[in-house]
Amino acid sequence: MLAETFEILQRELGKAVIETIQMMAISMISALILGTLLGLLLYITSNQMFVKQKVVNTVAEVVVNVIRSIPFVILMVLCIPLMQALVGTNIGPKAAAIPLSIAAIAFLARLVDGAFREVDTGVIEAALSTGASLPLILRKVVFVEAFPGLLRAFTVTFVNLIGFSAMAGLVGGGGIGNLAIQYGYYRYETGVMIITVLILVVVVQVAQNFGDFLAKKATKR
Amino acid sequence: MIVCKDISVSFGAKGKDGFHAVKNVNLEIEKGEIFGIVGPSGAGKSTLVRVMNLLQQPTSGQVLIDGVDITKAKGSQLRQVRKNIGMIFQHFHLISGATVCENVAFALTAGGYPKEKQRARVEELLQMVGLSDKIDVYPQSLSGGQKQRVAIARALANTPDILLCDEATSALDLESTEEVLSVLRKIKETSNITIVFITHDLDAAKKLFDRIAVMNKGEIVEVNDTYSIFANPQHPVTKMLVNRNFELDVPDFVADAIQADEELYKIYYVGEKAYDPVINEVAKRFDVDVSILHGKIDYIHRQALGILVIKVKGKDDIRKEAVQYITDHVYRLEKLK
């Protein structure tokens, strides 16, 4: 029993870890870039002091909310044509990274918008009163003041993605979560299940603590 | 010179009856003066001052600065206007994630000051507000008064002609208030900057302002030099504010105990008009008793303003003559009861 568990892990774990890292890296990087930008767009188009743009804001809001309200499993299925078009297949970590990225972008965008909204409008007004331009205010005031909040948003997104990436296993995405389902669940290898879940628990803990530590360090209040 | 022409600001839906925060305000603020706007909370003072750098767009009216209408300015033109108008706030509004140096340098960057010379300029500004040793700390470790002085350094970074102060001392304790006021006085002495200062605190007003406008319910109800506002308030709101500041109210039970042959007066004397001889003289010349219930002397711009609450007791006609005599010999007399 124990020997069998180790044999499976020895054979499969390395590959699963690499697949998870691939999925996580692709979706996390797209979220960091596009999610942050989308969050910024949500923020500046809703704010009187910047460029209030009702149409753009409403469209962005709807897109973000629709993506966030689709259950991830369904989103993966919906993304199959897109996977075919972009990577030529709908199995494997690269294909799974597409719905993961989309979900992560929408999720992070919402959190980033929230982090920006936390910035004291008074500080922005004070910056405006110096005659500063909007890009300068965004760079040196809004980003600086929201930075701890942004770090927390990145952490939460990362943790969420780990959960989603495990689900990607269901449609052949691969990864650690896939290992847990394929062997632990379908083949009753409880040992594999426990160890893979433990690995995920440890990764989430470390990520959360590290994110909290960074955010705390960045807070000057 | 700042001229406000028919400034109105309403909040709420257009066309409907919104809330009128500022109603048809006309003001002329001279170059180089410290001009105060006082009034009870909710009077529209902050809204009015925010119109002066267009943080608040007026619903109607114009603001002319040195003859130029700024209310139509947009984009880079507006930024140029704002560069020339510093502003400080009740809650300082420093960037909490930036050091004192970075906070002040932000304004310099906004004003296009060359990057490599910024630190030297920040040092110069911090020296002016007495905070040279705090250049690399974060605002969190500063006291309220120190934060406000950093805010002053930031506001003055681009050597503006105008400094707007929105309740700048209202969140501070007495000591910090004095700290900030003395910095402002020093700045005034060394430059010809125009300061517009909003406050509900008449103590600060007394110490700093050259002229005062009193605002109530969105309207300017009185404008005068500081001394006259205190010595001879005209509008009921001004009177209320000034009286509250002097804290010379007679307790109700004293006022209620006034007899038929007694009257209660508040007398004001200004400058060199000595008051003791008047009271003495009255007691000598007329068959009346004069007792002093309350009194104080205030100094506004080095000019003395004295106030006494007195009770005059005597027969009706004699009392009337005595009161007439006092009236002739003091600056102002006000009957309380």
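Predicted model: local features only at pLDDT ≥ 70, side-chain atom pairs only at ≥ 80, totals over all residues.
Residues are numbered from 1 along each chain as its sequence is written, and chains are lettered from A in the order in which they are written. Local features need pLDDT of at least 70, side-chain atom pairs count only at pLDDT 80 or more, totals for chains, interfaces and linings use all residues, and side-chain values use heavy atoms, with hydrogens and water left out.

**View 1. The interface between chain A and chain B.** Chain A brings 20 residues to the contact and chain B brings 24; contact means heavy atoms within 4.5 Å. About 1,900 Å² is buried between the chains, 63% of it from carbon and sulfur atoms. Buried area is the accessible area (1.4 Å probe) that two parts lose on being put together, summed over both. On the chain A side, A:S129, A:T130 and A:K220 lose the most area to chain B, together 32% of what that side buries.

View 2. One salt bridge is counted between the chains. B:R50 and A:E125 form a salt bridge through their side chains, at 2.7 Å from N to O. The rule asks for a side-chain nitrogen of Lys or Arg within 4 Å of a carboxyl oxygen of Asp or Glu. Helix 6 (121–129) and helix 7 (134–168) of chain A each give two or more residues to the side that touches chain B. Helix 6 gives the most, with seven residues. Helices are DSSP runs (H or I, at least four residues) and strands are runs of E (at least two), numbered from the N terminus.

**View 3. The largest nonpolar core, around A:I137.** This core has 87 residues, and A:I137, B:I37 and B:M52 touch the most other members. A nonpolar core is a set of buried Ala, Val, Leu, Ile, Met, Phe, Trp, Tyr and Cys residues joined through side-chain atoms within 4.5 Å. Helix 7 of chain A gives the most to this core, with eleven residues. Beyond neighbours within four places in sequence, the contacts of A:I137 include A:F50, A:I124, A:L128 and B:F106.

**View 4. B:Q56 in its loop.** B:Q56 sits in the loop between helix 1 (45–51) and strand 4 (60–65) of chain B. B:Q56 counts as buried because its relative accessibility is 15%; buried means under 20% relative accessible area (1.4 Å probe, protein chains only). Not counting residues up to four places away in sequence, B:Q56 touches B:V9, B:F11, B:T47, B:R50 and B:V51.

Conventions. Buried < 20%, exposed > 50% of the residue type's maximum accessible area, 1.4 Å probe, protein only.
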